[in-house]
Amino acid sequence: MKCNITIKIAESTDIEAITSFQVDMALESEETTLNMTQVRKGVQSIIEDESKGKYFIAYTNNSPIGSLMLTKEWSDWNNGWYWWIQSVYVKPEYRRQGVFTALYSHVREVAKTSNVIQLRLYVDKTNLLAQQTYQKLGMHDSHYYIYEEKLNNNINNK
């Protein structure tokens, strides 16, 4: 059953909902307990400074039910912007009801009118349901691997 979904750019009134989404996502997807205060500061920082990123939030019946964050990467090879979709979360009771599809479709339309040349995201290798969803929306796996090195072990004190 699909619900009536409205998408908007997140504002300061959405900080608590997005903070909760991120804490819930980390626990669910990575069994990681995040520091709520630290996450709230991070979410607030993005909402107050769009150069860091932007959140889009999905609502139904005036209630927040999902969100995603966008960050930008400049491509010198292609002389244009890549937008990275990050921090995707949909409340469990609203999954498989078109919430992420609505968020993604909205972002895709905004990207097209902003001359963005590519949308990208990364997904946990074990999250097969998410991978299937992304493929159904026209995304495909890339030929890149993502590598990382953690430089500050105190970021998310448990």
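Predicted model: local features only at pLDDT ≥ 70, side-chain atom pairs only at ≥ 80, totals over all residues.
**Overall fold and the setting of threonine 19**

In the protein chain, 62% of the contacts with a separation of 6 or more are between residues 24 or more positions apart. The protein chain contains four helices and five strands. Read from the N terminus, these elements follow the order β-α-α-β-β-β-α-β-α. With a radius of gyration of 16 Å, close to the 15 Å that the globule rule gives for 158 residues, the protein chain is as compact as a globular protein of that length. Along the principal axes, its C-alpha atoms fill a box of roughly 45 × 40 × 35 Å.

Surface and charge come next. Among the 158 residues of the protein chain, 37% count as buried. The accessible surface amounts to about 10700 Å², and carbon and sulfur atoms contribute 48% of it. As for charge, the protein chain carries 17 positive and 18 negative side chains. The centres of these two sets lie 4 Å apart.

Threonine 19 is part of helix α1, which spans residues 15-30. Its relative accessibility is 0%, so threonine 19 counts as buried, the cut-off for that label being under 20%. Once neighbours within four places in sequence are set aside, threonine 19 is in contact with Met36, Val39, Arg40 and Val43.

Conventions. Residues numbered from 1 in each chain as written. Heavy atoms only, no water. Helix = DSSP H or I, 4+ residues; strand = E, 2+ residues; numbered from the N terminus. Rg over C-alpha atoms; globule rule 2.2 N^0.38 Å. Buried < 20%, exposed > 50% of the residue type's maximum accessible area, 1.4 Å probe, protein only. Contact = heavy atoms within 4.5 Å. Areas by Shrake-Rupley, 256 points an atom, 1.4 Å probe, with all protein chains shown as cover. Lys, Arg positive; Asp, Glu negative; His and termini not counted. Charge placed at Lys NZ, Arg CZ, Asp CG, Glu CD.
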